[in-house]
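Please look over the sequence and the model below before reading on.

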Amino acid sequence: MDPSSVTRQKAKEKIGERLEAQYARWQQQRAARSLKYRRALDPTVEDVRSLCLSLRRQARHERVLFHYNGHGVPRPTANGEIWVFSKNYTEYIPLSVSDLK
């Protein structure tokens, strides 16, 4: 898929749909349990924190897979930080993955 061939919003949605379909195919090949997916397209710092806390609470003793697909954002830092939007969507802010425990 060429993200430049559609609007920014549509590109985000298509990328999210394709990633979800890919994980679903892999899951069918591996186990009988179904996966739960939560998409966060262009999330803010608080969106990511809130989503991670919620997912960890729901998972209890199971695993949580966090897939960061940062198109157009800076690469994750050597210190384990990913880049997410500020509250007003005006700038990227580094968020330490270790803070998401």
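Helices here are DSSP runs of H or I with at least four residues, numbered from the N terminus. In this predicted model, Glu46 and Arg49 both fall within helix 2, three residues apart, which is about one turn of the helix. Their side chains meet in a salt bridge, with an N to O distance of 3.3 Å. A salt bridge requires a side-chain nitrogen of Lys or Arg within 4 Å of a carboxyl oxygen of Asp or Glu, and the pair of Glu46 and Arg49 is listed at 3.3 Å. Glu46 is exposed, at a relative accessible area of 51%, because the exposed class begins over 50%. Arg49, at 30%, is partly exposed.

How many salt bridges does the structure hold? There are three. Side chains of opposite charge can pair when their charged atoms come close.

Another of these pairs sits in helix 1, which covers residues 8–30. Lys14 and Glu17 lie three residues apart there, again about one turn of the helix, and their side chains form a salt bridge at 3.9 Å, N to O. Lys14 has 35% relative accessibility and counts as partly exposed. Glu17, at 38%, is also partly exposed.

Glu20 and Arg39 form a salt bridge as well, with 3.0 Å between the closest N and O atoms. Arg39 is in the loop between helix 1 and helix 2 (45–59), while Glu20 is in helix 1, so this pair ties together parts that are 19 residues apart in sequence. Arg39 is partly exposed at 42% relative accessibility, and Glu20 is partly exposed with a relative accessible area of 25%.

The largest pocket holds about 1700 Å³ of space. Its lining counts 45 residues, and those closest to the centre are Tyr37, Arg38, Leu65, Phe66 and His67. Which elements each supply at least two residues of the lining? Helix 1, helix 2 and strand 1 (81–85) do. Helix 1 gives the most, with 10 residues.

By residue class, the lining of the largest pocket has 27 nonpolar residues, eight polar and 10 charged. Tyr is counted as nonpolar in this division, and Tyr37 is among the residues closest to the centre of the pocket.

Technical notes
Residues numbered from 1 in each chain as written. Predicted model: local features only at pLDDT ≥ 70, side-chain atom pairs only at ≥ 80, totals over all residues. Heavy atoms only, no water. Buried < 20%, exposed > 50% of the residue type's maximum accessible area, 1.4 Å probe, protein only. 1 Å grid on protein atoms, 1.4 Å probe; cavity = no way out; pocket = protein on both sides within 12 Å on 5 of 7 lines; lining within 4 Å. Points joined across faces, edges and corners; volume = space filled by probe spheres on them.
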